[in-house]
Every structure is written in structure tokens, then in C-alpha cells.
Amino acid sequence: MSKLHLITYGCQMNEYDSERVAGLLKREDYELTDRPEEADLILLNTCSIREKAEDKVFSQLGVLRHLKRRRPALVIGVMGCMAQLQKGRIQERAPYVDLVFGSPAIARVAELVERARRGRGPVLETGEGALVKITARPDGGQRLKAFVTVMEGCEKFCTFCVVPTTRGRERSHPPETIVEEIRGLAAAGCREVTLLGQTVNAYGRDLSPPTDLAALLERVNDVDGIERIRFTTSNPYNLTPRLIRAIRDVPKVCEYLHLPLQSGSDRVLARMNRGYTRARYLELIAELRETVPELALSTDLIVGFPGETEEDFGRTVEVVEQVGYDNVFAFRYSRRPGTPAAEMPDQVPDEIKADRNHRVLEAAVRVAAERSRQLEGRTLPVLVDGLSRKSAGEVAGRTRCNRVVNFDAGGRDLLGRVVPVRIVRALPHSLRGEPVDPSADRVSTDEAVPVFQA
């Protein structure tokens, strides 16, 4: 068999796409290897959301150039969002790259690889393509968690973002196709699914007849074997009362929501073309807290957006402290080619971006630590998904609110089980716990644990 080495950068959807590519190429007798030096085909699945992500790709390509010199038959390919955005410029800068293709061409990966392998290149495929549901997956052990793409694309056109260019317009997969894929995952031992979309809460508007994410959550809830459902990423503009109620009422949907803020300043939000104000965002937070009191929240922030003043930045820190996020992902603004923000005046100097990023993360860590301390002494259902990375003999899992918990399993095999765990200590990036009952491995569902559902 031929050997495939896959390197994935970026978001969960890229991880999902990489699995699909590995599954499709498995049908062509490619097997995965984690050793690039023994691969016949190396694919880099790329991200273009920030310049730093692209720099990492070109750095990796520089390393792979030496492999290509030693083994001219090696096929090197670049796929994904960076490929879709940069197109032929990748091969101009790295002429030893044999294959460049965007996300719309993933379903044709076997054909494209064969063209490159036969020397019919360099191959470049970055045109538009129909939305295709690919369920092929590579061989591997039991997968307790899985990503499932339910829609692709975005039509919000935020002034800093390349996603409408790299992923195209919003297109939803039919609910029947999604549920069928999840049934297959459950049959293979999957316990938790995360539904993916660039604007996942806009799901279904383009279908005929139209539907919505709340209806899809209800259908996935009925799949036997699935214990937990998550979804990401949501846009505040599309967050509806119906979806908020679904988080509360659909039993398997976890009490966790990632809701990007980006900025706490109305002036900056308008320049970003986000489609909501600070006040509207806080109204949504209030509705979420009232409807789902134990909801855990995370967010994305951009600091140093063009024209952002110290006062604007201060407004963002205020929202972080007011909302009380469980987790914050803060990024320095990065100019992306072809976006309106890249040409805006008043670009913020890098040193100011770095300082603001540090300061907002300090506030975020402080707020999250207080949220974590509130969990001490509570008993939470934890889905055990592996071994602890820090302590031999311990296992790790996640609460419904997406907190990592490490605890001593007493030598028992709890993998894939939901067990009640008392939180004894909140640490900076995880929780320490102890199983409540030595017979906890008999517990098999979240619903069977009559405890605080955090």
C-alpha cells in the first residue's frame, strides 16, 4: 500500500475534512503514516484565517523540500482554505508543490492525486464546486467523539474575514443525510458529536423546505447511542429564542455555547460589519442566562482591529468581565488579502496589539478561574475519553460544560462511560475530581446521573 502523511492546521472543520480525505484515499490503497519520511503522498490541510497560519505552512513546505529532493517521486499537496485563497501563488513560492486544491474539490482528491502522481502537473484546482456529503473515514480505533459538518460557507462578509472567499456561500446538508452519518458513527461506538458550520446556527435556511438548527438537534437527539451533542460556531446575528430553548430542552444538547463577540465597542463592531451592537449581544447573553442558568460560554475576540482605540479596547475588557466567560480565544488582528479591513487606515502597531492581547487574556483568565472555583464541591457527569496526559494511571474526560476533569479510575476501564465525579479542585486549565461511587462504571448515560448538569 502507498503511504499518506496528513498535516492539519486550523479549525475543527479542517480536522473533519482531513478525515474525509484519508477515508477517500483509503479506497485507493493509501494508509496513514505519522512519519513523513516514509510517505508517498504528503498533504497539508491549511488555514488562512490569519497570516501566522499561512507562515506555518510555508515553513513546513520548506522542510518538505529536502524530502522532495531526496525522493523526487514524493507527491506534495496543499489543500484547504489557504489553497483556495492563495491559488497559484503557493506554487510560485514553492514550485516543488505538485498539487493545490481548495475545499470544494475534496471529493475529487483521488483523481487529483493521480493526476499529480502521473506528472500531469502541477495540478491546481480552486474553482467552485457542489456541496457533497462525504462520510468516508480512515481506519482507526473506537472514536468516542466526532465532528459532523452540517453546513459550509458564510455570507456575513465581516470586513476582516476570508471565509466567504475560501468556503463560499452558506449551503446546508439535508437533515436526513446528517442523521444517517451520525447513526453510522453511533454504531461504531461514538458517544458525542459536534455539529460544525462556519455559521452553524444559520443552518437550514437554504434548504427546501427550510428548517433550522433547533429541529436538527431534536432529530440527532433521537439517535440511539449518542450521549452528547455540541455545535459550533454560532453567530450572534442568527441566535434565536427557539435555538436557546433547544439548548435547554433537548436532553442530549450540552449546556455550552461558543458565541463570538470580537469586540465590545460598537464603533469597532460597525467597522467589522458584525451586524449587531454591544447592547444586542448583552441582551442575548441575558436571555441565555435566564433560559439556561448553568450555561457555559466561550467567545472569540480580535484586538488591534484597524482604528481600535484604547477606549474601544477597554469596552471589550468590560464585556469579558461582565459576561463571565468560561473560556476566551483572543487574537491579534491579522491583515488578510482581499478584505476591506486590510485597506483601512489607522492600522494598529504590532506592539500595541501584543499588549492588548496580553491584557485581555489576563482578564479572561481571572474571570474563568472564578467560574471554575464555583464548580468545586459539585458532582458532575463526566464522559471519560482517554488517559490523563499528566498523571499516569489517571483518566480524563469532559463535563457537559466542556471542562476537562482528571481523576483516578482505580484501575477500572471507564473509557466511553459517563460517570459522576465530584470536583475537588479547580486548576488553571482543568479540574481535579474523584469518582463518587466505586461502582460508577455501571452508569451509562448522562440522564442516569441525578446531579448538577454543568
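Asp346 lies in the loop between β14 (327-332) and α13 (350-373), where helices (H or I, at least four residues) and strands (E, at least two) are DSSP runs numbered from the N terminus. Asp346 has a positive phi of about 60° although it is not a glycine. At 56% relative accessibility it counts as exposed; exposed means over 50% relative accessible area, buried under 20%, and partly exposed in between, with a 1.4 Å probe and protein chains only. The model is a predicted one, in which local features need pLDDT of at least 70 and side-chain atom pairs count only at pLDDT 80 or more, while totals for chains, interfaces and linings use all residues. Residues are numbered from 1 along each chain as its sequence is written, and side-chain values use heavy atoms, with hydrogens and water left out.

Phe157, in the loop between β8 (151-152) and α6 (163-167), also is not a glycine and has a positive phi of about 55°. Its relative accessible area is 52%, and Phe157 is exposed. Most residues other than glycine have a negative phi, and most peptide bonds are trans. The bond from Ser208 to Pro209 is cis, with omega near 0°, and Pro209 belongs to the loop between β10 and α8. The bond from Thr232 to Thr233 is cis too, with omega near 5°.

An open sheet has six strands in the order β2-β1-β3-β4-β5-β6, with parallel pairing; two strands pair if DSSP finds at least two bridges between them. β2 (30-32) and β6 (123-125) stand at the edges with a single partner strand each, so one side of each has no neighbour in the sheet. Within the sheet, five bridges join β1 (residues 2-8) to β3 (residues 41-46), and Leu4 stands opposite Leu41 in β3.

Helix α7 (residues 175-187) has 13 residues and at 1.5 Å a residue should span 18 Å, which agrees with the 18 Å between its end C-alpha atoms; the expected span is 1.5 Å times one less than the number of residues. In α7, Pro175, Ile178, Val179, Glu181, Ile182, Leu185 and Ala186 are buried. They cover an arc of only 160° around the axis, which puts them on the same side of α7; the arc is that of the directions from the helix axis to the C-beta atoms. On the other side, Glu180, Arg183 and Ala187 are exposed. After α7 comes Gly189, whose phi is positive, near 105°.

The protein averages a pLDDT of 93, and 95% of the residues score at least 70; pLDDT is the predictor's confidence in each residue, from 0 to 100.
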